Amino acid sequence: MTDLASTEAAGVALSETDDSTARLHRNLFIAIAAVLVVAPFVAYPVFVMKVLCFALFALAFNLLLGYGGLLSFGHAAYFGMASYVSAYTAKNWGLTPELAILFGTAVGAVLGLVFGALAIRRQGIYFAMITLALAQMVFFFSLQTPRFTGGEDGIQAVPRGKFLGLISLADDRALYWLVAAIFMGGLLAIYRIIHSPFGQVCKAIRDNEPRAISLGYRANRYKLMVFVLSATLAGLAGATKAIVFQLASLTDVYWTMSGEVVLMTLVGGLGTVFGPIVGALVIVAMQNYLATLGAWVTVVQGGIFVLCVLLFREGIVGVIAKAIKKPL
Amino acid sequence: MKLKTILATTALATLMAAPALAQQISIKAGVLNDRSGLYADLAGEGSVIAARMAVEDFKAADKGIKVEVVSADHQNKPDVGSTIARQWYDQDGVDLILDVPTSSVALAVSQITKEKNKVHINSGAGSSDLTGKACNANTIHWTYDTYALAQGTGGAMVKAGGDSWFFLTADYAFGHALERDASATVIKNGGKVVGAVRTPFPGTDFSSFLLQAQASKAKVIGLANAGSDTTNAIKQAGEFGIVAGGQKLAGLLVFISDVHALGLQAAQGLVLTESFYWDRDDGTRAWSERFAKLNGGKKPTMVQAGVYSGLLHYLKAVEATKSKDSATVVAKMKEMPTDDPLFGKGSIRPNGRKMHDMYLYEVKKPSESKGPWDYYKQISVLPAEQAFQPLAETGCSLVK
Amino acid sequence: MFELLGVPPQALFGQVLLGLINGSFYAILSLGLAVIFGLLNIINFSHGAQYMMGAFVAWMCLNYLGLNYWAALLLAPIIVGATGVAIERLLLKRIAHLDHLYGLLLTFGLALIIQGLFRNQYGSSGLPYAIPPQLAGGQNLGFMFLPNYRAWVIAASLVVCLGTWFLIEKTKLGAYLRAATENPTLTQAFGINVPLLVTLTYGFGVALAAFAGVLAAPIYSVNPNMGGDLIIVVFAVVVIGGMGSIMGAIVTGFSLGLIEGLTKVFYPEGAATVIFVIMVLVLLVKPAGLFGRAA
């Protein structure tokens, strides 16, 4: 059984959410909201939106790995497919951005349901490999259906459109508020899921599946559920990204994208609520600001991977959580 | 940072409002390409070197134009490329973006360039859509496109007697487009296509497909693929004695860096089309010599040469108009004939297509080569008007 | 002359043979992965990068040291294997007590580093490497032209695969190895140096990857990305065969090469996907793979 998160992550069981922790988390949410409000005036809005999309993606991934104990190596499939669908419907069907995003998310969810049903029957490494293989099939599908995906050119020049058909999102700032709202919604949803009775059962299964089963829980149902939730949120992130960048491309469904999201989660802190956000910020910033380094980018990325596994298995937020002895 | 933007915009506004100050135009050129992946050798740092050489040769400083060259790696990812492009235009005051190989990134950057009303001179990407259905008034496509490559290799091969073709086509839109354009040319010139096989992309082993091509008895095997697919196919064709058996290999998208990677032993006899070869005349030789000194001994590819030539022409237009307003400069670029030692005399069409001759080359045998980088012998010249897609057929909205 | 589904039988023989040759690469690579997984419980994600290193070391041997293909065939696995030993001692050892998913992540990071370094040094379009003169040319088998080099590949890989199988299943050293896989603590108690065994096993697995790399150098493009995509396919092969099963890896490697070869004739578009489809199907029916024991 995979006990990745339980032994290595924050070190404090999240279930023991006492009052002071709840207060801390509430304050953190307020702080995040405040940062979101200030961010577009301080930093470049498109960059912040990119961070938010990837942060949501990493949060979704972390829901599955950190709280479901399932390492998926194929999360690019839901992210990328949703991004294609959202781009396609916005461009070719003329859907408004919120509908296009919803549509993309729904496709992510359905894909998650199908793949999840296949994958959760296996555990550990086999689970990782099945998700990888299924994601590869999605990649080949995308490559082979240029009518839908635009092949290797991707779907370009996706209109940002008008929110609810009324407010034009062509301006970066206007779009930013929508993206920030989606991100905040996703974060709150994940927080609710983790702290709901459903989330508690998921953690129980993660920590000791036979025991959870013997207590009468249908482990596979819970696993499938958390898988679908994760895929849905990954889809939401991908669909939003398509509108922000006005494109959807093969990069989003390639297996390296699945690797990147693992990296973000690992750097930020596996099994912590807020870790993936920090991880996404670090990795996206690195990709952006180290872009002049050329080939060294991959070397630096690989180095961070290795260092994280060797020295900082808790990730940045995990280390902080340990220091203040509170789950984050 | 906000303050900086305000300052910059104010400065810019003042600059535009006061033509008297135009003597001190300062230009920021961004070279955006692949510096770490598949196309790092054919573009990469070499394109940055080429851009700096253009600034130097133009003697910008003497003409009161200050030029700064910046560069970044788009990692062949459209989202990375488009973020950098937006940031360059919005925040860093970049005026034009050069190079941008990989069609998906190029199309995205071209789109953003139009939105932000800047200039994009593309050298690295192949998609003929850039001056076709995705064309815009801010983008100029400099060095080559898939249509011209197919015309060059397809048409000239048939005229040289290679009238029956079998295609190995990488199974994605780009490969299909290459095959479609090349087949049309082959048929138009009186040849025939006896078969084609779609190979999974990316592929490592092509022996099975080569065997099918061999069995087809076609005189020419057209390689409608790129990058390591092409080098793998050529390497294995040598192994199976395809060229020795009398069939010709025609590469529809092969760069000199690929030939260098293969070595002459494997690549000999391959026929390909390029718009630039370092050893063509004294002008190209002299320039390439200087380039190679700066680039670790590696001779320039046509993509790198195109970055040089494109930036040079842009700077000439800036000098002539004493402005860096995108519309003014691009209009001037299209109006002025182009002339430089690398591509000779040429012009730019209304749709942004740079016109110059294309050359059909055959890769030398090891015994014919005098040393490293002495790789090509010229078979024929394809005049620009024949090489590039007729304006009316491009489907570009700028052409009325 | 009769035809089978529109393909003349001669052509089919040729394709089957070619499929087997490609299968040789899958077999050696998946064998290395299986050996490593068997003892270390680590999915070696850097296997593709180490395969690439093998090909590059062969090139370096030729260009820096003037050593030919045959010397490289011996030297490259030793050199790359030695780097593997270093990686095990310095890095993998530290995470041995953790969940094996961490091994996957660590080696994934290593693969990025190795590929990045080679790309910095040698660019990405590749390096030339010629077929050794002794193996140039080929035989006309009537139904196809078989290059001598391909015949050599299949022979060499068969020898290496069966040799490895023999070593692990039939010798005393192999018995220790299997014992250590089964119960490391107990094996250690019997006076066998298990940590050393683990280190050497990783080195051996990596050496196998490098051997495949040298075999590939004359016929595939030698570039830093050559192992990146291949490794995903090889993972699938290992999973289908059953993780950790030696014979499973060998047999599956060859048979999947064959199946892929046939797909290239009848439905070339699907050749890249067919292995993944098979993998999903197999795992649904036999969770531990064709030759694996249920966990």
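## Helix α5 of chain B

In this predicted model, helix α5(B) is mostly covered, with 13 of its 14 residues buried. The helix spans residues 146–159 of chain B. From its first C-alpha to its last it reaches 20 Å, close to the 20 Å expected at 1.5 Å a residue. After α5(B) comes Gly161(B), which has a positive phi, near 105°.

## Two domains in chain B

The domain assignment divides chain B into domain 1 (2–144 + 281–352) and domain 2 (147–274 + 357–385). Taken over C-alpha atoms, the centres of domain 1 and domain 2 of chain B are separated by 30 Å.

Contact between the two involves 11 residues of domain 1 of chain B and 12 residues of domain 2 of chain B. On the side of domain 1 of chain B that touches domain 2 of chain B, four residues are nonpolar, five are polar and two are charged.

## A three-stranded sheet in chain B

Chain B holds an open sheet of three strands in the order β11-β12-β13, and the pairing is antiparallel. Its edge strands are β11 (338–340) and β13 (354–355) of chain B, each of which pairs on one side only.

Strand β12 of chain B covers residues 344–348 and is joined to β13(B) by two bridges, the two strands running antiparallel. Ser347(B) stands opposite Met355(B), a residue of β13(B).

## Where chain B touches chain A

The contact between these chains takes 30 residues from chain B and 27 residues from chain A. On the chain B side, β2 (65–73), α3 (78–90), α4 (103–115) and α6 (173–188) each give two or more residues. The largest share, nine residues, comes from α3(B).

By type, the residues on the side of chain B that touches chain A are 12 nonpolar, 10 polar and eight charged.

## Where chain C touches chain A

Here 34 residues of chain C and 32 residues of chain A make the contact. Three helices of chain C, α4 (100–122), α9 (228–241) and α11 (274–285), each supply at least two residues to the side that touches chain A. Of the elements of chain C, α4(C) gives the most to this side, with 15 residues.

The residues on the side of chain C that touches chain A comprise 24 nonpolar, six polar and four charged.

## The largest nonpolar core

The largest nonpolar core has 354 residues. Those with the most contacts inside this core are Ala55(A), Leu56(A) and Phe57(A), together with Ala51(B), Ala58(C), Ala210(C) and Ala236(C). Helix α3 of chain A, residues 45–68, gives the largest share of the core, 19 residues. Domain 1 (2–144 + 281–352) and domain 2 (147–274 + 357–385) of chain B both give residues to this core, so the core lies between them.

## An exposed residue of chain A

Ala22(A) is part of helix α2 of chain A, which runs over residues 19–42. Ala22(A) counts as exposed because it has 11 C-beta neighbours inside 10 Å, and the cut-off for an exposed residue is 12 or fewer. Ala22(A) and Phe73(A) are 51 residues apart along the chain, and their C-alpha atoms are separated by 32 Å.

Notes: Residues numbered from 1 in each chain as written. Chains lettered and ligands numbered in written order. Predicted model: local features only at pLDDT ≥ 70, side-chain atom pairs only at ≥ 80, totals over all residues. Helix = DSSP H or I, 4+ residues; strand = E, 2+ residues; numbered from the N terminus. Expected span 1.5 Å × (residues − 1). Buried ≥ 20, exposed ≤ 12 C-beta atoms within 10 Å, placed from the backbone. Contact = placed C-beta atoms within 7 Å. Nonpolar A, V, L, I, M, F, W, Y, C, P; charged D, E, K, R; others polar. Pairing = 2+ DSSP bridges. Domains from an automatic or database assignment. Core = buried A, V, L, I, M, F, W, Y, C linked by C-beta atoms within 7 Å.
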